[in-house]
Amino acid sequence: MSTTTTDLAALGAALRAAIGADRVISDRQELRTYECDGLAQYKVVPALVALPVDAAQCAAVVRACVAAGVPFVARGSGTGLSGGALPHADGVLIVTSRMRDILEVAPADERAVVQPGVINLAVSRAANPHGWYYAPDPSSQQICSIGGNVAENSGGAHCLKYGFTTNHVTGVELVTPDGDLVRLGGRAPDAPGYDLLGAFVGSEGTLGIATEVTVRLTRLPESVRTLLAAFESTDQAGAATSAIIAAGVVPAAVEMMDALAISAAEAAVHCGYPAGAGAVLIVELDGPEPEVAAQFDQVERLCRDNRAFEIRIAVDDAERALFWKGRKSAFAAVGRISPDYIVQDGVIPRTALPEVLRRIGELSAERGIRVANVFHAGDGNLHPLVLFDASVDGQTERAEEVSGAILDLCVRHGGSITGEHGVGMDKAKYMPRMFTDDDLDTMQLLRCAFDPAGLANPGKVFPTPRLCGEVPGRRKGVHPAQEAGLAEVF
Amino acid sequence: MPADGVLGRLRAAAAGGGPDNPDPVRVADAHDTIAGVPARYVAAPRDTAQAAALLRAAADLDLAVTVRGGGTRQDWGSPPRRLDLILDTTALAGVVEHAAGDLITVVRAGTRLDELAATLAGARQQLALDAPLPGGTIGGAVATNASGPRRMLYGTARDLLIGVTLVRADGVVAHAGGKVVKNVAGYDLAKLVTGAYGTLGLVTECAFRLHPLPAAAAYVTRRVGDAAEAGRLAGTVRAAQLAPAALEVDAPAGGGAAVTVLLEGTPAGVAARAEATRRLLGADATASDEAPDGWGRYPWRGGDIGLKLTAALSGVPGLLADARAAADRHALPLALRGSAGVGVLHAGVPGTADPERVGCLVDALRAATAAVAGHAVVLTAPPAVRDRVDLWGPVDGLALMRRVKQRFDPDARLAPGRFVGGI
């Protein structure tokens, strides 16, 4: 895609006319603020940044991009960890952070209607006084936006019981890649027609931009009980997790940390986890008091049966917060024990945990790269933290090899290359390890239906997207239209 | 091409079915109709590869194809505009994998829901999908996104389906999702094909998340005067801390209504919550470990008119009252039953009802549901009623849906005309 400086200047003028001069950024220094999302290893300065304040402005920006043939990328709070909101050098970054009104909290409908820039936690804060909350809770929930959550189908510790974003979004208004405003779903369930809402959630900005989101609110549980169990090894903690699930208990969360992750957390936030633990589990149950009471005793017993050497039960919210503090600070905490690290995000079937953790340990030893494990044990969502020092020759490469090998392990065990962070720019190259060409081509059929011109967040999710005019089938060599200079592969 | 030539080509594509499925292709007989439209051929592939070969052959031969599972919902949706080949999934059945420790299963589309339930029960697990019509298959439940009472706790097929194998109209096999619950790699095509009435591809295998079978269950029922009162009472239950698995209203055409709350969990927990529910519903509420009559069944029988009405939750009592009033106005007996706890109701009218009056009732129900952010869809109706009413009503995003259909099935070969907007 080649867009000239003149074209971009004209587009900048068109955007200023459409949404106001103070809502368009073209100054090089100011643009640098937006050069990456939460994954700082990729940096691209966008050609222009637009900050629409409502759906009509957002649609106007997209239409201007379409008219100019310029790609656009949506961005919420910029906390994504896969480069999903990485700007396009010749494109417009559409930032939704000025669209941050909670339009309605309707407990009687069990819904809230919000603009995409609204912070995740703000929805719960608005709903709490009515006795409700918004269940999907990415670790970044204090700063991430709902629009970003919808784009990435973000998860969190409580997905095991409550599902992730897609299970809690009942409607969106979106700007299609053509610049049309379309509503899908709403307050009532099961709108007739294809479940385009289900396809849109998690499409990482490649099928359009959400301008309004209707979310499902969940009743605040009557009772929450949390325990922390310390084990000598991750194998024992894994066995305890399996035993809990096998007993028919569905906890709100089961989180595990290994020794290295624990020591990092201790160094950072002094969470006071049991000394000498090779692994800790945090198990949280919530629901009606009589159910929680019955199952909590069972969970405690199953942890002891699987050789937990210490079990602590949170007596109040403050103690529960302390249990979680170590877990929630783990990602940042490894910064204290390693100059650089990669936060990996892969998923395996829960029963494969012992084998996969052992293999990760071997990979770590073989390559001389430390790996700290912090993860959602209940649903097999691993977050290995691959530690390295970029100033040491070859370590960066070896860390990336280990990181990639862990994803291969996940795929080999029937899992996924991402459980909550998304594919984005970072993992597009891994998609063929999980999906065949036919699988990816079929996904492209959907993308082409929404975005025939290929302007919505090009280069993300798919390693080599096909031309939308192309007949499905295997790609062979350069497309004739491309060779003739009539079309480009995005 | 003469008919037997087509048959030969299809048989060659299927390349023999093996000892348990010796001839997967045959000429259609009088029973092989879809919503009244006769087919010419029937093929019953036993696996994804054979299904793909058959769909490739159908594409080469320009045959229009409609998928049939248990046949329990063949009278749902509009009749196909064109039909040559029925792809029968009854041989495409069986559990491919049940990883009990991971709470997932992979099953072939033609597997009957009741047979799967029996298999999973051995491990004290369940696929938490209700089966309102006995004999239905997994594929049929997914294709229609049919739901029953327990969707309140467990969600619907779209929430439980975590991976899918589908064969496109051109015979290409594609997978999406996988065998782990937490997975955000690529587009969620499993959601796209759920409720698509087989117009985007043939689903051959489904991966589902499972749930443990609850150790105990209790149904707490209270009878009330009318449907709207039942709706209000349901609202009271929602506002309490009972975490029900289902919250249903049942308002038969003859009058009166009932609210039933299903509680699932540990024996001690269920006993305590059932007692709390009984107190909340009122003194004459009764608790039982048996489901009440008609539980989880649609409020209509074969040949009747069946509708699905949806609403924002606060609008459920009003919708129940409006629906009853509209039926009275048009002198039609209307049975209402459904999930007041999630805003999905089903409604039945006898198939003998005057089509003109039914048309007026559907218009009134569309107005009533639209007022509470919902929709009224006619799922099934006799031909005279189909001729009078638009089955689907207004559909948001229809232009995008047409574009999706065009990409997946450019020749409109799969169940043409069955779905919204003539898709």
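This is a predicted model: local features need pLDDT of at least 70, side-chain atom pairs count only at pLDDT 80 or more; totals for chains, interfaces and linings use all residues.
Trainee: Thanks. What share of the residues in chain B is buried?

Mentor: Buried residues account for 61% of the 423 in chain B.

Trainee: And how many helices and strands does chain B have?

Mentor: There are 13 helices and 21 strands in chain B. The radius of gyration of chain B is 22 Å, close to the 22 Å from the globule rule for 423 residues, so chain B is as compact as a globular protein of that length.

Trainee: What does the C-alpha trace of chain B span along its principal axes?

Mentor: About 70 × 55 × 35 Å.

Trainee: What about contacts in chain B: what share is between residues 24 or more positions apart?

Mentor: Counting contacts with a separation of 6 or more, 71% in chain B are between residues 24 or more positions apart.

Trainee: Switching to charges, how many positive and negative side chains are there in chain B?

Mentor: Chain B carries 44 positive and 41 negative ones, and the centres of the two sets are 4 Å apart.

Trainee: Which residues of chain B does UniProt list for a domain?

Mentor: An unreviewed UniProt entry gives residues 34–213 of chain B as "domain: FAD-binding PCMH-type". In the model, that span is 23% helix and 27% strand, with its end C-alpha atoms 36 Å apart.

Trainee: And where does that annotation fall in chain A?

Mentor: For chain A, the UniProt annotation "domain: FAD-binding PCMH-type", again from an unreviewed entry, covers residues 42–220. Those residues of chain A are 21% helix and 25% strand, and the end C-alpha atoms lie 39 Å apart.

Trainee: Where is Arg307(A), then? And is Arg307(A) buried or exposed?

Mentor: Arg307(A) lies in the chain A loop between helix H10 (289–305) and strand S15 (310–313). Arg307(A) is exposed, because its relative accessible area is 59% and the cut-off for exposed is over 50%.

Trainee: What about Ala243(B): what is its phi near, and where is Ala243(B) placed?

Mentor: Ala243(B) has a positive phi too, near 45 degrees. Its place is in the loop of chain B between helix H8 (227–239) and strand S15 (246–251). With 38% relative accessibility, Ala243(B) counts as partly exposed.

Key:
Residues are numbered from 1 along each chain as its sequence is written. Chains are lettered from A and ligands numbered from 1 in the order in which they are written. Side-chain values use heavy atoms; hydrogens and water are left out. Helices (H or I, at least four residues) and strands (E, at least two) are DSSP runs, numbered from the N terminus. The radius of gyration is taken over C-alpha atoms; the globule rule is 2.2 Å times the number of residues to the power 0.38. Buried means under 20% relative accessible area, exposed over 50%, partly exposed in between (1.4 Å probe, protein chains only). Contact means heavy atoms within 4.5 Å. Lys and Arg count as positive and Asp and Glu as negative; His and the chain ends are not counted. The place of a charge is taken as NZ of Lys, CZ of Arg, CG of Asp or CD of Glu. UniProt positions are given in the numbering used here, feature names are shortened, and annotations may be inferred rather than shown by experiment.
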